[in-house]
Each structure stands twice: as C-alpha cells, then as structure tokens.
Amino acid sequence: MNLLKANCGNVDRIIRALLSVALLLYCVFFWESIGDVFLQSIILIFSILNLISTTIGWCPIYQLANINTCKSDFK
C-alpha cells in the first residue's frame with residue numbers, strides 16, 4: 001500500500017498554490033496589519049505545508065477523509 005499516492009488534482013493544486021503564495025506574500029509584506037505573531041506563524045506554517053502538499057500532490061487531510069480529486073485513477 002502506497003501511503004503517498006497522489007490525491008490532489010490539477011485544479012486543486014493550482015488553487016492551493018495561488019492561495020499559499022498569496023498568504024505568504026501577505027504575511028511577509030503586511031505583517032504589521034496582522035498584529036499577532038502567533039497568528040502570523042500559524043498562517044506561515046499553513047502556507048508552507050500547503051505548498052509542500054501542492055508540490056508532491058498528496059494531502060494528509062484528504063487521505064484521512066478519503067477524498068481524491070486526482071483523475072489518474074479513472075481509465
């Protein structure tokens with residue numbers, strides 16, 4: 001059994017990438033408007049983990065919820 005089998009489709013990955021980059025840029029350039037260092041850290045961690053998930057095409061939350069947006073299983 002392959003635990004890291006791709007479960008994120010192309011559209012899902014594009015949306016994740018755009019959201020992650022936007023959040024990263026917001027945290028880096030507008031950190032003063034967030035005000036809370038803890039909240040900024042949470043947003044940065046979420047963004048980085050989302051970018052990693054986008055890069056490898058596998059999402060651990062999707063794995064737990066048994067969700068698959070990847071069309072590679074359909075033949």
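Me: Where is the place of Val-21?
Reply: Happy to start there. This is a predicted model, in which local features need pLDDT of at least 70, side-chain atom pairs count only at pLDDT 80 or more, and totals for chains, interfaces and linings use all residues. Residues are numbered from 1 along each chain as its sequence is written, and side-chain values use heavy atoms, with hydrogens and water left out. Helices are DSSP runs (H or I, at least four residues) numbered from the N terminus, and Val-21 sits in residues 10–29, helix 1.

Me: Is Val-21 buried or exposed, or in between?
Reply: Buried means under 20% relative accessible area and exposed over 50%, with partly exposed in between (1.4 Å probe, protein chains only). Val-21 has a relative accessible area of 40%, so Val-21 is partly exposed.

Me: Which side chain meets Asp-12 in a salt bridge?
Reply: A salt bridge needs a side-chain nitrogen of Lys or Arg within 4 Å of a carboxyl oxygen of Asp or Glu. Both partners lie in helix 1, four residues apart, about one turn of the helix, and both are buried. At 3.3 Å, N to O, the partner of Asp-12 is Arg-16.

Me: Over the face of which residue does Arg-16 lie?
Reply: A charge sits over a ring if NZ of Lys or CZ of Arg is within 6 Å of the ring centre and within 35 degrees of the ring normal. Arg-16 is 4.9 Å from the ring centre of the residue in question, Tyr-62.

Technical notes:
Helix = DSSP H or I, 4+ residues; strand = E, 2+ residues; numbered from the N terminus.
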